[in-house]
Every structure is written in structure tokens, then in C-alpha cells.
Amino acid sequence: MTSVRRMTATDRRQRIVRAAGELFIVRGYTGVSMEDVLAAVGGSKATLYRYFADKSALFRAAVEALCDEWSRPLHAFAPDGESLADNLVALGEHFASIVLSPQAVALHRLVTAEAERIPGLGAVFAEHGPAAGHAVIGRCLRQACDDGLIEVTDPLRAAAQLYQAMLGDAQMRLLTDAPRKLTEAEVHASVVEAVRVFLRGVAVRATE
């Protein structure tokens, strides 16, 4: 007879957060109530409020969980190109597949709209979203510095700048629902050109 594992407190919390995240993405922050989340996951109101004091606390947790879930493939991504340029382009395109997705754009809009009203929301998004992504590029740049391929004073700052050069335009057009969005080919061209210009700027200078 196969035993059934009992749902732990952690399991319950994750289930609540996952359901809330899906609802927030579809309906927005104001369009979701704690009762909506309760209807989606079942259980008692006392259990829901045991984990989250109010909707804002639940929203912060949902934002953190979604960002962590979407960034997980980035941390596991190991580009194997023949050059640093190839690897940075591969990273940029991998980033594009995540941050330019409809779900990621919807979450970014939600956070921007609610950040002033929900204490700590901006910090959660920054730490688990952009900062996590910049750290991935930063590690690649730091290794390239150690290998003597480039000269960068602050790899993490350089990573943030490179990210904006690669995807900033495409991301902003989606966030603001601009009349014309970049095609996949244009996003690829933007990534390639940003990497080319960046590597030219950080190239190791020959000593006289």
C-alpha cells in the first residue's frame, strides 16, 4: 500500500503563494481579494491569515516566489560558446526569453504600480528580480576578468549596464505597451550589438 505524504506547513504556504501569484498576474493587485485566494486553494480563513497578515504581505511573497521561479533557469544556465562574446549573447537571449515573456511583463507592471503603496515591495522585486539576473552576468564577467580577457572595475555594475544595453529598449516597449514592439530578430540584434560594443569598451589595453 502506497503511503500518502501529508501536506506540511511549508507545502501549504507554497500552494497559497503559487495560487495567489497566478491570480495576481491575471487580475492585477486590486482585482484579487484574500477570499479569491482562499477559494482557489481551499482551507480555512484562519489558516490563510496564519501565514499572511494581509493581502500586501501575500503579494510580496508571490512576487518573490515568481521571481525566484523564473530566475532559477538562469542560475543553472551554463553557456558553452567558443568565446566570451558567444557566452554573453547566449545569456542575453536566455534573459530575453524570461523577462520579455507576457507573465514577467505583467508582474513588472504590477510591481511598478503598487510599489509606493506596499512597503518593501520594491526591495523584494529588486533583490529577487533584476539583482539576481545581474549577479548571473556579473559572475561571467568576473571570471572573464580573472582569465585576463577583459578589464572591469566592478563586474556587478558592468553587468547591470550590459543588461540594459541588451534588453532595456525591448523591455521598456513592452512595459509601456508601445505601438511597436521589437521582433525576435531585432531583440537578437540588440543583444549582439550590445555585447560587441561592451567588449570593445572593456578590452584589455596593451601596456607600453
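**Cysteines, salt bridges and a helix pair**

The count of disulfides comes to 0. The model is a predicted one. Cys140 takes part in no disulfide. The nearest cysteine sulfur to that of Cys140 belongs to Cys145 and lies 10.0 Å away. For Cys145, the closest cysteine sulfur is in Cys140, and 10.0 Å is too far for a bond. Cys140 has a relative accessibility of 18%. Cys140 counts as buried because this value is under 20%.

Charged side chains were examined next. Side chains of opposite charge can pair when their charged atoms come close. The structure contains 7 salt bridges. Three of them are described here.

Arg27 is partly exposed, at a relative accessible area of 43%. Asp36 is also partly exposed, at 27%.

Another salt bridge links Asp169 to Arg173. Here the closest N and O atoms are 3.0 Å apart. Both residues lie in helix α9, which covers residues 155-175. Asp169 and Arg173 are 4 residues apart, or about one turn of the helix. Asp169 has a relative accessible area of 40% and is partly exposed. Arg173, at 23%, is partly exposed as well.

A further salt bridge brings together the side chains of Lys181 and Asp177. The distance from N to O is 2.7 Å. Lys181 counts as partly exposed, with a relative accessibility of 30%. Asp177, in contrast, is exposed, at 51%. The cut-off explains the label: exposed means over 50%, so Asp177 passes it.

Helix packing was then considered. Two packed helices are described by the angle between their axes and the distance between the axes. Helix α4 spans residues 55-76, and helix α6 spans residues 102-114. The axes of α4 and α6 come within 12 Å. They cross at roughly 145°. The crossing of α4 and α6 is left-handed. On the α4 side, the contact is made by Phe59, Val63, Leu66, Cys67 and Trp70. Helix α6 contributes Gln103, Ala104, Leu107, Leu110, Val111 and Glu114. The residues of this contact divide into 9 nonpolar, 1 polar and 1 charged.

Conventions: Residues numbered from 1 in each chain as written. Predicted model: local features only at pLDDT ≥ 70, side-chain atom pairs only at ≥ 80, totals over all residues. Heavy atoms only, no water. Salt bridge = Lys/Arg side-chain N within 4 Å of Asp/Glu carboxyl O. Buried < 20%, exposed > 50% of the residue type's maximum accessible area, 1.4 Å probe, protein only. Helix = DSSP H or I, 4+ residues; strand = E, 2+ residues; numbered from the N terminus. Axes fitted to C-alpha atoms, helices over the stretch in contact; angles between N-to-C directions. Left-handed = near helix turned anticlockwise from the far one by under 90°. Contact = heavy atoms within 4.5 Å. Nonpolar A, V, L, I, M, F, W, Y, C, P; charged D, E, K, R; others polar. Disulfide = S-S within 2.5 Å.
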